[in-house]
Amino acid sequence: MNKIDHPITADDARAALESVATANNTAMNSMRPPLWLILLCSAALGIKTAAMGLMINNALWNSIQWGSYIVCCLCVAAWIVALRTKGITIKIIDVNITKTAIISALLICTLLVSSQVIYLQTGSLLFPFIAGTLNTLILAYGLYFGLRWNAKEKEKN
Amino acid sequence: MPTVCFDELIHAPNRLKICALLAPVTSLEFVTLCEQLGVSDSVLSKHIKSLVDADYVVVNKKTSEGRQRTWLSLSPRGRKAFAGHVEALKEIVGG
């Protein structure tokens, strides 16, 4: 139907691909959460990870753990609402299911669980804080660069 | 892997950008697309109409907070055609 026998030259095709890449970059930049939201969400996850370990027999850390969990959820909701206000809707699941995203999510979950397990086994206060810091860094990096990586990974597949 | 297929309808510069902007999202508001493309409402409407006629773009009008918002999204057919067109462009550059 719309096929043509003799399409365009290689230079025209290159220019068209550059235009696609530029438009894609614009879309990715407009979809990325604002920096303050990335920092808030990552810090909340880091605090939650540390609190997961330290909350054993400690009501204060238990409350902190739940508080940071709520902050994390509110950050995601704020991101989706902000995007909708900007005139963009996305499906989180569509955007994020790639190999790198799954590995990052598994790593975050492992650190969350091991923060508690290692604290219980060793009694060391250090590991929950290390796990919390690692989770903060992984999530901040993922939220900042994740959309672009996922787009590239999907393009390769 | 999408089917390689050069699509003349999508290849027009503004329509190519429209598809590239719609591809990573579920839907985009008409006004947002206008701003991102840097074109007037009438120009965008004309391009959208061609894409809608080809069943590449779906238009969804919703009323929110007392005003009507027009949301645009690529149809499954449109996504397939755009992916195939990008593959065709890559093939031309590679070949």
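In the predicted model, an open sheet of four strands is arranged in the order S1(A)-S1(B)-S3(B)-S2(B), and the pairing is antiparallel. S1 of chain A and S2 of chain B form the edges of this sheet; each has a single partner strand, so one side of each is left without a neighbour in the sheet.

The pairing between the chains involves strand S1 (residues 88-89) of chain A and S1(B), which are antiparallel and joined by two bridges. Within this pairing, Ile88(A) has Leu28(B) of S1(B) as its bridge partner. S1(B) is also joined to S3(B), again by two bridges and with the strands running antiparallel. Here Leu28(B) stands opposite Leu72(B) of S3(B).

S2(B) and strand S3 (residues 67-74) of chain B are linked by eight bridges in the antiparallel sense. Thr63(B) belongs to strand S2 of chain B. Thr63(B) counts as exposed because it has 8 C-beta neighbours inside 10 Å. Between the C-alpha atoms of Thr63(B) and Gly84(B), which are 21 residues apart along the chain, the separation is 34 Å.

A further positive phi occurs at Asp55(B), a residue other than glycine, with a value near 65°. Asp55(B) is situated in the loop that connects helix H4 (41-53) and strand S2 (57-64) of chain B. Asp55(B) has 12 C-beta neighbours inside 10 Å and therefore counts as exposed.

The contact between the chains takes 25 residues from chain A and 25 residues from chain B. On the side of chain B that touches chain A, at least two residues each come from helix H1 (8-11), helix H2 (13-22), strand S1 (27-29), helix H3 (30-37) and helix H5 (76-94) of chain B. By residue class, this side of chain B comprises 15 nonpolar, five polar and five charged residues.

Helix packing also contributes to the contact of the two chains. Helix H1 (residues 10-31) of chain A packs with H2(B) at an angle of about 40°, and the axes of the two helices are 8 Å apart. H1(A) is therefore oblique to H2(B). The crossing of these helices, H1(A) and H2(B), is right-handed. H1(A) contributes Ala16(A), Ser19(A), Val20(A), Ala23(A), Asn24(A), Thr26(A) and Ala27(A) to the contact, while H2(B) contributes Pro13(B), Leu16(B), Lys17(B), Ala20(B) and Leu21(B). Eight nonpolar, three polar and one charged residue make up the contact of H1(A) with H2(B).

Chain A itself contains six helices and one strand. Read from the N terminus, the elements of chain A follow the order α-α-α-β-α-α-α. Chain A has 157 residues, of which 27% count as buried. Among the contacts in chain A with a separation of 6 or more, 78% are between residues 24 or more positions apart.

Note on methods. Residues are numbered from 1 along each chain as its sequence is written. Chains are lettered from A and ligands numbered from 1 in the order in which they are written. This is a predicted model: local features need pLDDT of at least 70, side-chain atom pairs count only at pLDDT 80 or more; totals for chains, interfaces and linings use all residues. Two residues are in contact if their C-beta atoms, placed from the backbone, lie within 7 Å. Ala, Val, Leu, Ile, Met, Phe, Trp, Tyr, Cys and Pro count as nonpolar, Asp, Glu, Lys and Arg as charged, and the others, Gly among them, as polar. Two strands pair if DSSP finds at least two bridges between them. Axes are lines fitted to C-alpha atoms, for helices over the stretch in contact, and angles run from 0 to 180 degrees between N-to-C directions. Angles under 35 degrees count as roughly parallel, over 145 as roughly antiparallel, 65 to 115 as roughly perpendicular and the rest as oblique. A crossing is left-handed if the near helix is turned anticlockwise from the far one by less than a right angle, and right-handed if clockwise. A residue is buried if 20 or more other C-beta atoms lie within 10 Å of its own, exposed if 12 or fewer, and partly exposed in between; C-beta atoms are placed from the backbone.
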